[in-house]
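This report describes the salt bridges of one structure. The sequence and the model come first, then the pairs are taken in turn.

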Amino acid sequence: MDKSMLIKWKSELETQLSELEKKIATLQLERTKVADQVGAVSKLLSSLNVGETPEKFHLKSQSEAAVTTEFLSKLEQSGWSIEHKHGRTNIYGASRGGDSVEMWIKFSVCHEATGKYWFGISPDGLKYKASQKGGVVLMLGVSDRYLCFPFSQLYKLLEGATETRKGQQKFQIQEKSGQFSIQPGGTNNWIDVSASYNDLRSIGL
């Protein structure tokens with residue numbers, strides 16, 4: 001195969017790739033739009049059903065991968081460039097202009113029996129990142145409901161939490177009347193963290 005054929009083939013593939021990326025971007029925007037509409041209707045429904053858990057009105061079919069992709073897509077629409085940092089661990093780098101931060105994304109769905117979200121995280125990992133810019137984003141079942149903590153803040157909040165055999169600290173999040181609180185595993189302490197709800201600015205985004 002001569003060089004001219006390879007160049008032509010490469011050009012055709014690049015064109016095809018560009019068209020696919022445009023279609024993906026369009027679909028992501030459409031998905032985000034519909035998800036936002038679902039979220040708005042969910043809030044209206046939750047206000048009419050005070051005894052129900054808000055999570056019950058969200059799309060339960062969303063997987064961790066789908067929620068993470070949608071969340072990152074919204075950041076990209078805001079001008080952030082996203083880079084996946086560490087293999088299977090959901091640690092991402094976000095940069096825009098001269099700013100750059102790291103995000104550690106954790107995901108949980110609401111446990112219907114208790115109405116709480118359970119998470120696990122490495123205390124050593126948090127301690128290592130405590131001096132770095134960025135923080136942890138706790139996704140609450142869907143892409144538009146999350147809590148944001150600088151690495152150092154979450155590390156301090158989880159002080160005293162018992163560790164599992166795998167070296168993780170378990171903790172749970174609960175929501176009551178629009179207020180959020182965190183309980184480190186092995187303790188009876190509930191700490192109000194409502195100010196961290198959807199607060200991307202706290203981790204530099």
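Glu14 is partly exposed, with a relative accessible area of 44% (buried means under 20%, exposed over 50%, partly exposed in between, with a 1.4 Å probe and protein chains only). Glu14 forms a salt bridge with Lys10, and the closest N and O atoms are 2.5 Å apart. A salt bridge here is a side-chain nitrogen of Lys or Arg within 4 Å of a carboxyl oxygen of Asp or Glu. Both residues belong to helix 1 (residues 3-48) and are four residues apart, about one turn of the helix. Helices (H or I, at least four residues) and strands (E, at least two) are DSSP runs, numbered from the N terminus.

## Basis of the values

This is a predicted model, in which local features need pLDDT of at least 70 and side-chain atom pairs count only at pLDDT 80 or more, while totals for chains, interfaces and linings use all residues. Residues are numbered from 1 along each chain as its sequence is written, and side-chain values use heavy atoms, leaving out hydrogens and water.

## Pairs between separate elements

The structure holds three salt bridges. In one of them, Lys129 pairs with Glu102, with 2.7 Å between the closest N and O atoms. This pair links distant parts of the chain, 27 residues apart: Lys129 is in helix 3 (residues 123-129) and Glu102 in strand 3 (residues 99-108). Both Lys129 and Glu102 are buried.

Glu175 forms a salt bridge with Arg145, the closest N and O atoms lying 2.8 Å apart. Glu175 is in strand 7 (residues 169-176) and Arg145 in the loop between strand 5 (134-140) and strand 6 (146-150), so the pair ties together parts 30 residues apart in sequence. Arg145 counts as buried because its relative accessibility is 6%; Glu175, at 22%, counts as partly exposed.
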